[in-house]
Amino acid sequence: MVREEQFSFRSHDGKSMIHGVRWIPEGQIRAVLQICHGMSEYIERYRDFARYLGEQGVLVTGHDHLGHGGSVSSEKDCGYFADRKGNTAVLRDIRGVYRRTKTDYPEVPYILFGHSMGSFLVRQYLCCFGEGLDGAVICGTGFQPKAAVLAGMVIARIEAEFFGWHHRSRLLQWITFGSYNQRFRPNRTDSDWICSDEATVDAYVSDPKCGFPFTVNGYYNMFLGMRKLHEPEYLDRMPRSLPVLFIAGGQDPVGDFGKGVEKAAVSFKNMGMERIECKIYPEDRHEILNEKNREEVYQDVWDWMNREAL
């Protein structure tokens, strides 16, 4: 039996209320896993994964980032982070959930899990606050060239000058996602790339809390975080002994069909990280936690946690 519990707290942006969830197992809690969800989705989409881990004695928690899910007060703020230092605010909110949960469960191992956009946030978090963790899982990540990230930041700034930071840029949307569906032609939907399970894709497409276009504010702050991951002095702050698991689909365009994920793992090893593992699921697309072989992925994450972080 796993109990679902809602909570809320004030964001680091100083004005927004952040929506969070805990999935609490019965009996002894063996570990905590905190989830950082991806772009244009929300934390409750991880309910099945959380319940599976709950059956193993793992408390799972997470929240809707600024501009997402229950942390949005109006439709215009979907995909909008903060008026000032949005990337920092999102990272500080992740830290806020960590502190809240660690205070309640101080003695158990603590693992941070990030998917897609959340994977890039987790990679930043390791550089800022990694010493407080016992492990990290980086899911559905990629390795964007620095020049492309900088170009995205410039475009976002220019469009913001003309249209404001709440503007939704068709150009940035096309640059970011325009090619993702090409490998999966003939396409049934615009989101075939996220998963080979049609029920998952249909639920995503029909869900108003999923798939919304980002504002230029959201894009700028997301690209800002990615740019930091190209700075050796920033990466040098990661704790070298921290176990990190990279997982992704071999048919995931975000990770350049596995190649970008492997580059990201190699970049960690090149910084002296001592306990890096990487597993690619050849037939899976972007959302491996929702793929047809999801139970295999769930089991692999649990086995790694049990072996490396508990």
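Reader: Which residues line the largest cavity?
Author: Glu-41, Arg-45, Tyr-46, His-115, Cys-139, Glu-287, Ile-288, Leu-289 and Asn-290 line the largest cavity. Here a cavity is a set of points, on a 1 Å grid over the protein atoms alone, where a 1.4 Å probe fits but cannot get out, and lining residues have an atom within 4 Å of a point. Before we go on, this is a predicted model, where local features need pLDDT of at least 70, side-chain atom pairs count only at pLDDT 80 or more, and totals for chains, interfaces and linings use all residues. Residues are numbered from 1 along each chain as its sequence is written, and side-chain values use heavy atoms, with hydrogens and water left out.

Reader: Thanks! How much space lies in that largest cavity?
Author: About 70 Å³, where a volume is the space filled by probe spheres set on the points, joined across faces, edges and corners.

Reader: And how many cavities of 30 Å³ or more does a search of the whole structure find?
Author: The search finds 3 cavities of that kind.

Reader: Switching to the sheet: what is the strand order?
Author: The order is 1-2-4-3-5-6-7-8, in an open sheet of 8 strands with mixed pairing. Strands are DSSP runs of E with at least two residues, helices are runs of H or I with at least four, and both are numbered from the N terminus. Two strands pair if DSSP finds at least two bridges between them.

Reader: Which ones are the edge strands?
Author: Strand 1 and strand 8 (275-281), each of which pairs on one side only.

Reader: Nice. How do strand 1 and strand 2 pair?
Author: Strand 1 (residues 2-10) and strand 2 (residues 17-25) are antiparallel, with 9 bridges. Phe-9 stands opposite Ile-18 of strand 2. The two strands form a hairpin with 6 residues between them, and Gly-14 in the turn has a positive phi of about 90 degrees.

Reader: What about strand 2 and strand 4, how many bridges join them?
Author: There are 4 bridges between strand 2 and strand 4 (residues 58-63), which run antiparallel. One partner pair is Gly-20 with His-63 in strand 4.

Reader: Which strands does helix 1 touch?
Author: Helix 1 (residues 47-55) packs on the sheet and touches strand 1, strand 2, strand 3 (31-36), strand 4 and strand 5 (110-115). Its direction makes about 120 degrees with that of strand 1. Axes are lines fitted to C-alpha atoms, for helices over the stretch in contact, and angles run from 0 to 180 degrees between N-to-C directions.

Reader: Where is Phe-81 found?
Author: Phe-81 sits in the loop between strand 4 and helix 2 (86-104). It is also buried, with a relative accessible area of 4%. Beyond its neighbours within four places in sequence, the contacts of Phe-81 include Asp-13, Leu-66, Met-117 and Phe-214.

Reader: Last topic: how many disulfides does a search of the whole structure find?
Author: It finds 0 disulfides, a disulfide being a pair of cysteine sulfur atoms within 2.5 Å.

Notes:
Contact = heavy atoms within 4.5 Å. 1 Å grid on protein atoms, 1.4 Å probe; cavity = no way out; pocket = protein on both sides within 12 Å on 5 of 7 lines; lining within 4 Å. Buried < 20%, exposed > 50% of the residue type's maximum accessible area, 1.4 Å probe, protein only.
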